[in-house]
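Please consult the sequence and the structure shown below.

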2 protein chains.
Amino acid sequence: MPRFASSVSSLRSSEIRDLMSVATAPDIISFSGGMPGNDLFPLDSLDEIYRSLTDKEKQVALQYGPTNGLPSMLESLETYLEKKGFPVKENRLMMTTGSLQAIHILAKAFIDPGDTVLVENPSFIGALSAFRSYEANLVSVPLTDVGIDIEQLKIKLENTRTKPKFLYYCPNFHNPAGIIYSMEVKQQMIELLKDQDIVLIEDDVYSDLYFYEEDVPKMKLIKAMNPEGIDVCFTGSFSKILGPGLRLGWMLVPNHIYRKCELIKQSIDACSPSISQVIADKFVRGGYIYNYTARVRQEYKKRGLAMIEALEKNLPSYVTFEKPRGGFYIWLHLPEGTDATPILQKALEKGVVFVTGKTFDPDGIKNDAMRVSFCNTDEAAIQKGIPLLAEAIREVCG
Amino acid sequence: MPRFASSVSSLRSSEIRDLMSVATAPDIISFSGGMPGNDLFPLDSLDEIYRSLTDKEKQVALQYGPTNGLPSMLESLETYLEKKGFPVKENRLMMTTGSLQAIHILAKAFIDPGDTVLVENPSFIGALSAFRSYEANLVSVPLTDVGIDIEQLKIKLENTRTKPKFLYYCPNFHNPAGIIYSMEVKQQMIELLKDQDIVLIEDDVYSDLYFYEEDVPKMKLIKAMNPEGIDVCFTGSFSKILGPGLRLGWMLVPNHIYRKCELIKQSIDACSPSISQVIADKFVRGGYIYNYTARVRQEYKKRGLAMIEALEKNLPSYVTFEKPRGGFYIWLHLPEGTDATPILQKALEKGVVFVTGKTFDPDGIKNDAMRVSFCNTDEAAIQKGIPLLAEAIREVCG
């Protein structure tokens, strides 16, 4: 038998993946995935972009590119991010193979086995699995409906055996909790992390998918605030605003961190897909991105509101949730101590699938919550599926 | 200052990357890169494939796929590999984001800090950097013109402090050495590794680029021989037979290794680019791959023979080399102890660039060799550039 590295044992298969095959069966209504709806992809723009490519551009699409990204892609994305208020010039931008790779690279850059890292509870499963793969000691801080629980964060910062290497957080339309961080919580985070040599990883892939224009000001990212005394590593993605199949994300990070990350990326896959970069560059440069995000914002809002309505109509009163104001997800709180797994089994029998709470618990235990996604089901499917889901909950919880 | 992981210090910037910007300057003749010629990409096939895509296929191209690969891609590649004699059914195939990612995943699966791994000297820089990034103890075994030095391998196997986790090797048209392994050497490797719990990583990305049909039988891969008592992890790529910009490679490995690798891949980038897989699937399934490899084989042969001729005509007699019979590279042996770096400086002044030997030395020291590539320069550029290179050598070595 081959002798595996010790870190291999910290890896576990996630329920999301196990559900993937179920969730793509044609007769199942899936509230489990975190992928955009297939029907929403900008195929017309893709065709237009492909038709516009010169032979030289097609050659670039098929050729290796620089590790940090194609110059033209970097230029258009820098302009896009600058318009959104990011301090692009004082940082370095690197294209990554999806934003998960950006998070993985940061994990590799910072984590020695046993190192403490701070994460939210619940948290994004992809990030947890990247951190686990480097044998991090995951210390979790609960979320409130306005962001991380600041008092708990303070306690964890004071009491962890070893100083955390970083805090990983998801500011807007949280995956899975669906919440937006308040400005106040972000200000308090800045105060707590200032001059502490604790990196802040800010993972923002849903911000463009707001339902209400009025929320935009308060969604301002810490990276854009550019606070002194904190190394903020911002990660973003084309997955929700163009297509995850491109595997194209980015990190915007201070130069001294960038240099290490570039070397790590070189050892992982040399460069991000050029073909994706050529397309995404045109998508940004040609302004397609603005029309597209405006369109999907409306569609996800329709789906989100349909789901809120269906949940309010069908759920038993002991299930509570924060109404989403954007993004892909609603996080249902079940009565304390409930085990969501039998609910999932009942739901599967009825032809509906979601993800249980413990999947997003850094400790893999707390299971009295569930994530339902509205991104990949239209209103009709939502109206059909949510009553079935409510039935499953009632059958288990009474 | 952020506190980086200890492994970060083992990473170094490679000369190849430093030369990339020089090598793409328009007035420089580059013998440095390992990329296919831009002029050789199958743009017509790409257009034909894109035009043939249904809306549903375009949606698949923009959507997440399974971690191990799109089912249709796996099916067509399995058929392709089976035709080549690989034991596909007794192994598992996983698509990776370039074959470098496959190697990186294997490195992460097996290497704990300080673990010994066996590599050839010289060896592929990408693999070395992946192994270094997990703090491997690289133990190198010299190459002869028919493969790894078996006597030396035997000595290293007997004398390393700790048993090596794996042996990494490049069987055909070696990068950078340009050689083909003889059947005899491969048989001896099998004997030495049998029942030793030492994994064999067989990295083969150049096999399709042979100049002489008659060489094909002796190029048979150890994975295809399917020897008992050795876990052979085979890695391959579309980079040389379609386009590296797709970032699409694969590993074909025993099931017990596959399971770990899939979890690692999940934590790195979730899945390989769907857009690349949709295109590569059609490229294989539609038979384009056979016409294309037949065409580039002829073109690389022309370039390779032109370079051999130019080298024989211009090089001083103290520089020796094995004539390549395929692939991308020629490895020039300089007089023992020569330092290739001043030669590179002279060459740059003359407008020619190559890669110095030490780049490929696992210890980063031995510099009395140089790699010249003929993949990305046409015959005219070869005929113009090689005399300049020979001049640079003469100016330094006399």
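## Domains and model

Domain bounds are taken from an automatic or database domain assignment. For chain A, this assignment gives domain 1 (6-42 + 290-397) and domain 2 (64-286). The C-alpha centres of domain 1 of chain A and domain 2 of chain A are 24 Å apart.

The model is predicted: local features need pLDDT of at least 70, side-chain atom pairs count only at pLDDT 80 or more, and totals for chains, interfaces and linings use all residues. Residues are numbered from 1 along each chain as its sequence is written, chains are lettered from A in the order in which they are written, and side-chain values use heavy atoms, with hydrogens and water left out.

Domain 1 of chain A brings 36 residues to the contact and domain 2 of chain A brings 39 residues, where contact means heavy atoms within 4.5 Å. About 3300 Å² is buried between domain 1 of chain A and domain 2 of chain A, with carbon and sulfur atoms giving 61%; buried area is the accessible area (1.4 Å probe) that two parts lose on being put together, summed over both. A:R297, A:R325 and A:P362 supply 23% of the area that domain 1 of chain A buries against domain 2 of chain A, more than any other three residues.

## Salt bridges

The rule finds 2 salt bridges across the interface of domain 1 of chain A and domain 2 of chain A. A salt bridge requires a side-chain nitrogen of Lys or Arg within 4 Å of a carboxyl oxygen of Asp or Glu. A:E214 and A:R325 form a salt bridge, with their closest N and O atoms 3.5 Å apart.
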